[in-house]
Amino acid sequence: MAVDVLYETRAKATGGRDGAAETLSGSFKVKLSTPEELGGAGGDGNNPEELFAAGYAACFIGAMKFVGGQEKIAVPADTAITSTVGIGPRSEGGFGLKVALEISLPGLDKATAEDLVAKAHQVCPYSNATRNNIDVKLTVV
């Protein structure tokens, strides 16, 4: 599948889950730490799953705004997504992720909100990247 790239960014990570990551532009830098549940020390750093959760939530709101613009649906300014990302061993070996997005669209009726979410799931780059690879549960709250 060809992608007509309109924007790209570069980031560098060092030290793995107990290191650091930053964009090469210098606009973002984060200390990383492994959660205790994965055998790490925990600590005040973030982990890749937290970064993925935040990125997916933000990107999905962007996808809803895109679809809303096409369909003349005003996406509420106070729209919010709580994204839960889980990691663990896969039955096939290795590790896998599970994602749950709880989507709040205050002021939209449930049917309109669910239709908007379903359509956004088809255009969101994170959804397209994870489709058929990761279990993604979408819930309008």
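This report describes the overall build of one protein chain and then some of its residues and contacts.

## Overall build

The model is predicted. The chain contains three helices and six strands. Read from the N terminus, these elements follow the order β-β-β-α-β-β-α-α-β. The C-alpha trace spans about 45 × 35 × 35 Å along its principal axes. The chain has 141 residues, and 33% of them count as buried. If contacts between residues at least 6 apart in sequence are considered, 45% of them join residues at least 24 apart.

## Salt bridges

Seven salt bridges occur in the structure.

| Salt bridge | N to O distance |
|---|---|
| Glutamate 71 and lysine 119 | 3.0 Å |
| Lysine 119 and aspartate 115 | 3.1 Å |
| Glutamate 114 and lysine 110 | 3.7 Å |

The bridge between glutamate 71 and lysine 119 links distant parts of the chain, with glutamate 71 in helix H1 and lysine 119 in helix H2 (residues 110-123), 48 residues apart. Lysine 119 also meets aspartate 115 in a salt bridge. These two residues both belong to helix H2, where they are four residues apart, or about one turn of the helix.

Lysine 119 is partly exposed at 31%, and aspartate 115 is partly exposed at 34%.

Glutamate 114 and lysine 110 form another salt bridge. Both lie in helix H2, and because they are four residues apart there, about one helical turn separates them. Glutamate 114 is partly exposed, at 41% relative accessibility, and lysine 110 is partly exposed as well, at 47%.

## Aromatic residues

The structure has four aromatic pairs. One of them joins tyrosine 56 and phenylalanine 60, whose ring centres are 6.4 Å apart; their planes stand at 55°, so the pair counts as tilted. Why are tyrosine 56 and phenylalanine 60 separated by about one helical turn? The reason is that they are four residues apart in helix H1.

Are tyrosine 56 and phenylalanine 60 buried or exposed? Tyrosine 56 is buried, with a relative accessible area of 0%, and phenylalanine 60 is buried with a value of 0% too. Both residues belong to one aromatic cluster formed by Phe52, Tyr56, Phe60 and Tyr126.

## The loop between E3 and H1

The loop between strand E3 (29-31) and helix H1 (48-71) holds leucine 38. Proline 35 also lies in the loop between E3 and H1.

Proline 35 is buried, with a relative accessible area of 16%. It touches Arg17, Gly40, Gly42 and Asn47, when residues up to four places away in sequence are left out. Its C-alpha atom is separated by 8.6 Å from that of asparagine 46, which stands eleven residues away along the chain.

Leucine 38 is partly exposed, at a relative accessible area of 34%. Together with Ile87 and Phe95, Leu38 forms a nonpolar patch on the surface. The accessible area of Leu38, Ile87 and Phe95 together is about 270 Å².

## Threonine 23

Which strand holds threonine 23? The residue is in strand E2 (residues 20-23). Its relative accessibility is 14%, so threonine 23 counts as buried. The side chain of threonine 23 reaches the backbone nitrogen of serine 27 at 3.2 Å. With residues up to four places away in sequence not counted, threonine 23 touches Thr9, Arg10, Ala11 and Phe28.

Terms used: Residues numbered from 1 in each chain as written. Predicted model: local features only at pLDDT ≥ 70, side-chain atom pairs only at ≥ 80, totals over all residues. Heavy atoms only, no water. Patch = residues over 30% accessible without salt bridge, like charges linked within 9 Å, V, L, I, M, F, W, Y side chains within 5 Å. Areas by Shrake-Rupley, 256 points an atom, 1.4 Å probe, with all protein chains shown as cover. Salt bridge = Lys/Arg side-chain N within 4 Å of Asp/Glu carboxyl O. Buried < 20%, exposed > 50% of the residue type's maximum accessible area, 1.4 Å probe, protein only. Polar contact = N/O pair within 3.5 Å; in protein donor to acceptor, adjacent residues only side chain to side chain. Contact = heavy atoms within 4.5 Å. Phe/Tyr/Trp six-rings, centres within 6.5 Å; stacked < 30°, edge-to-face > 60°.
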